[in-house]
Amino acid sequence: MSVDLKEIFDQFAADGTYLNGEPYGSGHIHDTFRIETAEKEKDNYILQRLNDKIFKNIPELQHNIERVTIHLRKKLSSVPGSDIKRECLQLIPAKNGNSWITDKNGSYWRMYIFISNHRSYNIVDTPIKAFEGGKAIGRFQAMLADLPGEPLFNTIPFFHDIEKRLETFSRILKEDPAGRAAKITAETDFVLKRAEEMKIILKLGREGKIPVRITHNDTKFNNILLDENDKALCVIDLDTVMPGYVHYDFGDAIRTAANIAAEDEKELSRVKMDISLFEAYASGYLSETKETLNPVEIDYLAFAPRLITFTIALRFLTDYIDGDNYFKIHHEHHNLQRARAQFRLVESMEEQYAGMKEIIAKLV
Ligand code: ADP
Ligand code: GN1
Ligand code: MG
């Protein structure tokens, strides 16, 4: 679908004149473009065509992001020396008075200020970067702890609910809409063997032992921007900020920050969790949060990466059997390749689980 980015851009109350627009980043969900403005001294922008097959209620989604970014900005403005335009996402209002527009095809668009001079990593190669990422997420959770008003909307209901994810997997496996089930018997065995133990976080929640907090729910490392000196700068991709357990954020960040290979690495022997990256992230995260987490939350932090890596592998696998309707893919068996790499990462975490628990105990 060809789009006239200038025509979309002009419907927002931006400061600056459209010069050009290019696809940007490596997100799996929206269509993201970087818009450069003609005036050198003015901001550039991120323009996104939103995925409304995945986010079914865009006004609610945008309402959440408006509340969250206003609150974060207020907090940051009381911190001396803060650079608010770069430390917090800033939505650009549309000329229609909303924070989004719809185009003639019915697609939804929104725009943010482009965060200048940031660094973004799909793979983390030093403990210092992992530490900074941990601090960024810890601080993000702390700043949102006192968000006033109603609970945020659940933009994707049951997003990290492993019981629901397992049910969906079993249903689609039975239906086998793309004729791929016979190809994944080894992966299916892997899932079934671990299904029960993965339910522990949900059980602790139901028993009231861990609280529901405001969490980000999509803390893969490229959603944490660092600055030109690799210091924590800004947490982006706020679509799934909603009620959740801290384990979801801790787990997803470790899944991406401590894996020395790519999320979709084909050569499975390269996939491994580096425990020094785990330790560095955990140390940054706990430096911001250890006073607020309860003892049960802390006890299960080491388990969280196993749960979230398993959950996301299961989602890649489910999407594969379903015929690739959810994640953007770049080749035919991409979702299967992603699932296999993530299952291998689960094994690597299992092998190092005792060490992970010791590290958390030492850090608190
Ligand atoms: P998706 O949900 O598809 O991952 P994101 O909102 O994470 O979409 O955006 C995709 C990518 O665009 C990010 O990984 C990041 O590289 C870039 N990006 C998003 N928002 C900004 C911003 N305000 N400034 C700079 N880069 C951004
Ligand atoms: C998607 O939006 P993005 O690319 O940062 C997905 C996450 C997965 C991730 C796997 C809304 O994240 O849940 O963990 O892909 N986001 C949504 O890379 O489903
Ligand atoms: Mg993203």
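## Ligand sites and salt bridges

Of the 16 residues around ligand 2, those that come nearest are His-28, Lys-220, Glu-263, Arg-315 and Tyr-326. The model is predicted.

For Glu-263, the distance from a polar side-chain atom is 2.6 Å. For Arg-315, an N or O atom of the side chain is 2.8 Å away. On its own, ligand 2 has 440 Å² of accessible area, and the protein covers 98% of that.

Asp-237 also takes part in the metal site. The magnesium ion, ligand 3, is coordinated by Asn-223 through OD1 and by Asp-237 through OD, at 2.3 to 2.5 Å. Asn-223 lies in the loop between strand 6 (213-215) and strand 7 (224-226), and Asp-237 lies in the loop between strand 8 and strand 9, so the pair ties together parts 14 residues apart in sequence. Asn-223 counts as buried, at 6% relative accessibility. Asp-237 counts as partly exposed, at 23%.

Where is Asp-239 placed? Asp-239 sits in the loop between strand 8 (232-235) and strand 9 (242-244). Is Asp-239 buried or exposed? Its relative accessibility is 2%, so Asp-239 counts as buried. The side chain of Asp-239 makes a polar contact of 2.6 Å with the side chain of His-30. Leaving aside residues up to four places away in sequence, Asp-239 touches His-30, Phe-55, Leu-61, Ile-65, Arg-110 and Thr-155.

Now the charged pairs. Side chains of opposite charge can pair when their charged atoms come close. How many salt bridges does the count give? The count comes to 29 salt bridges. Among them are these:

| Salt bridge | N to O distance |
|---|---|
| Lys-328 and Asp-31 | 2.4 Å |
| Arg-171 and Glu-175 | 3.7 Å |
| Arg-180 and Asp-324 | 3.0 Å |

Take the salt bridge of Lys-328 and Asp-31, at 2.4 Å. Lys-328 lies in the loop between helix 11 (304-322) and helix 12 (334-351), while Asp-31 is in strand 2 (residues 31-37), so the pair ties together parts that are 297 residues apart in sequence. Lys-328 is partly exposed, at 28% relative accessibility. Asp-31 is partly exposed as well, with a relative accessible area of 24%.

Arg-171 counts as partly exposed, at 45% relative accessibility.

Next comes the salt bridge of Arg-180 and Asp-324, at 3.0 Å. This pair links distant parts of the chain, 144 residues apart. Arg-180 is in the loop between helix 5 and helix 6 (185-194), and Asp-324 is in the loop between helix 11 and helix 12. Both Arg-180 and Asp-324 are buried.

Which residues are joined into one network by salt bridges that share partners? They are Asp-31, Arg-49 and Lys-328.

How values were computed:
Residues are numbered from 1 along each chain as its sequence is written. Chains are lettered from A and ligands numbered from 1 in the order in which they are written. This is a predicted model: local features need pLDDT of at least 70, side-chain atom pairs count only at pLDDT 80 or more; totals for chains, interfaces and linings use all residues. Side-chain values use heavy atoms; hydrogens and water are left out. A salt bridge is a side-chain nitrogen of Lys or Arg within 4 Å of a carboxyl oxygen of Asp or Glu. Helices (H or I, at least four residues) and strands (E, at least two) are DSSP runs, numbered from the N terminus. Buried means under 20% relative accessible area, exposed over 50%, partly exposed in between (1.4 Å probe, protein chains only). A polar contact is a pair of N or O atoms within 3.5 Å; within protein, one must be able to donate a hydrogen and the other to accept it, and residues adjacent in sequence count only if both atoms are side-chain atoms. Contact means heavy atoms within 4.5 Å. A residue is near a molecule or strand if one of its heavy atoms lies within 4 Å of it. Accessible areas come from the Shrake-Rupley method with a 1.4 Å probe; for residues, only the protein chains shown count as cover. Donors are N, O and S atoms within 2.8 Å of the metal (3.2 Å for Na, K and Ca); water is not among the atoms, so sites may look incomplete.
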